[in-house]
Amino acid sequence: MPNKLVIISDLDGTLLDHQTYSFSAALPALELIKSKGVPLIICTSKTRGEIETYRKLLDNNFPFISENGGGIFIPNGFLKHEFKYDKSTNGYRVIELGTRRELLIEVLKCTAKDAEIQIKGFSDMKISEIAELTGLDEKDAKLASERDYSEPFLIYGNGDNANSIKHNIHLKAYRHTQGGRFHHILGNNDKGKAVKTLCKLFVNEYGEHIKTIGLGDSLNDLSMLEVVDVPILVQKPNGEYDDRIKLKNLIPADGKGPQGWNSAILKLLAKH
């Protein structure tokens with residue numbers, strides 16, 4: 001029996017262009033995996049609301065992972081076998097691996113105050129400011145602000161300030177990650193843990209014959225790339241690869257963001 005492919009992908013800078021948030025360059029590969037019935041699992045730092053916007057555009061009805069592994073959202077009826085979940089909401093059964101945002105904000109503000117470093121989180125910003133900083137329109141910026149398991153923030157000052165904040169977040173037993181634009185504080189969750197949890201459900205549903213392909217572009221994708229069978233790293237907007245991601249079986253995609261995503265998936269599926 002051949003392995004069932006499951007594709008797990010980051011969004012920003014990977015499936016989506018860093019500047020335009022478009023996935024048009026990946027359409028040939030997206031159409032191919034759809035024709036083959038290959039599940040595409042979105043695994044991103046984005047919120048549920050943001051992901052739902054792209055799921056509609058992609059005509060994607062598969063489970064997804066929000067906020068760097070904070071929540072796993074499984075559409076009602078998608079899995080035939082029973083599984084443990086934490087809550088049911090908006091047509092999903094949700095497995096919560098993350099810490100609630102309210103507590104994260106409290107920890108972050110205490111950390112910054114103790115270190116006498118100025119920061120500014122999404123919770124301190126108006127929607128218009130988030131829109132300006134992210135390049136999103138106000139509707140999408142509002143969706144980005146509606147978080148459950150993380151708090152994005154900016155750190156003012158030099159690099160030493162960033163290192164100090166990261167260090168103190170870790171001392172308080174929370175996690176820090178950095179995406180393309182913002183720092184994030186989160187609980188004891190990451191993309192890798194969420195992917196492993198979801199893949200166990202897939203194995204239970206489909207049998208042992210699962211082959212996972214993961215695609216990312218930056219350091220906060222490392223935990224995901226570490227746990228998939230085929231890790232793929234796409235180029236950053238400057239045409240370079242994130243040199244902090246070092247895995248023996250890592251495949252460097254030939255292209256930036258969605259262009260690299262497209263070429264890598266087409267090559268893989270041609271061999272499968």
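Which residue forms a salt bridge with lysine 34, and how far apart are the closest N and O atoms?

**View 1. Lysine 34 and aspartate 59 form a salt bridge.** In this predicted model, the partner of lysine 34 is aspartate 59, and the closest N and O atoms of the pair are 2.5 Å apart. The pair links distant parts of the chain, since lysine 34 lies in helix H1 while aspartate 59 lies in the loop between H2 and strand S3 (64-66), 25 residues apart. Lysine 34 counts as exposed because its relative accessibility is 52%, a value over the 50% cut-off, whereas aspartate 59, with a relative accessible area of 46%, is partly exposed.

**View 2. Aspartate 10 and lysine 191 meet through their side chains in a salt bridge.** The N to O distance of this salt bridge is 3.2 Å. Here too distant parts of the chain are linked, with aspartate 10 in the loop between strand S1 (4-9) and helix H1 (27-36) and lysine 191 in helix H7 (residues 191-206), 181 residues apart. Aspartate 10 and lysine 191 are both buried.

**View 3. Aspartate 12 forms a salt bridge with lysine 46.** The closest N and O atoms of aspartate 12 and lysine 46 are 3.2 Å apart. This pair links distant parts of the chain, for aspartate 12 belongs to the loop between S1 and H1, and lysine 46 belongs to the loop between strand S2 (40-43) and helix H2 (48-58), 34 residues away. Aspartate 12 is partly exposed, its relative accessible area being 26%, whereas lysine 46 is buried because its relative accessible area is 5%, which is under the 20% cut-off.

**View 4. Lys87, Glu96, Arg100 and Asp148 belong to one network.** These four residues, Lys87, Glu96, Arg100 and Asp148, are joined by salt bridges that share partners. In general, side chains of opposite charge can pair when their charged atoms come close. For the model as a whole, the count comes to 17 salt bridges.

**View 5. Helix H4 and helix H5 cross at roughly 100°.** The axes of H4 (residues 127-134) and H5 (residues 138-145) come within 8 Å, and the two helices are therefore roughly perpendicular to each other, given their crossing angle of roughly 100°. On the H4 side the contact involves Ile127, Ser128, Ile130 and Ala131, which meet Glu138, Ala141, Lys142 and Ser145 of H5. Sorted by class, the residues in this contact of H4 with H5 are four nonpolar, two polar and two charged.

Conventions. Residues numbered from 1 in each chain as written. Predicted model: local features only at pLDDT ≥ 70, side-chain atom pairs only at ≥ 80, totals over all residues. Heavy atoms only, no water. Helix = DSSP H or I, 4+ residues; strand = E, 2+ residues; numbered from the N terminus. Buried < 20%, exposed > 50% of the residue type's maximum accessible area, 1.4 Å probe, protein only. Axes fitted to C-alpha atoms, helices over the stretch in contact; angles between N-to-C directions. Parallel < 35°, antiparallel > 145°, perpendicular 65-115°, else oblique. Contact = heavy atoms within 4.5 Å. Nonpolar A, V, L, I, M, F, W, Y, C, P; charged D, E, K, R; others polar.
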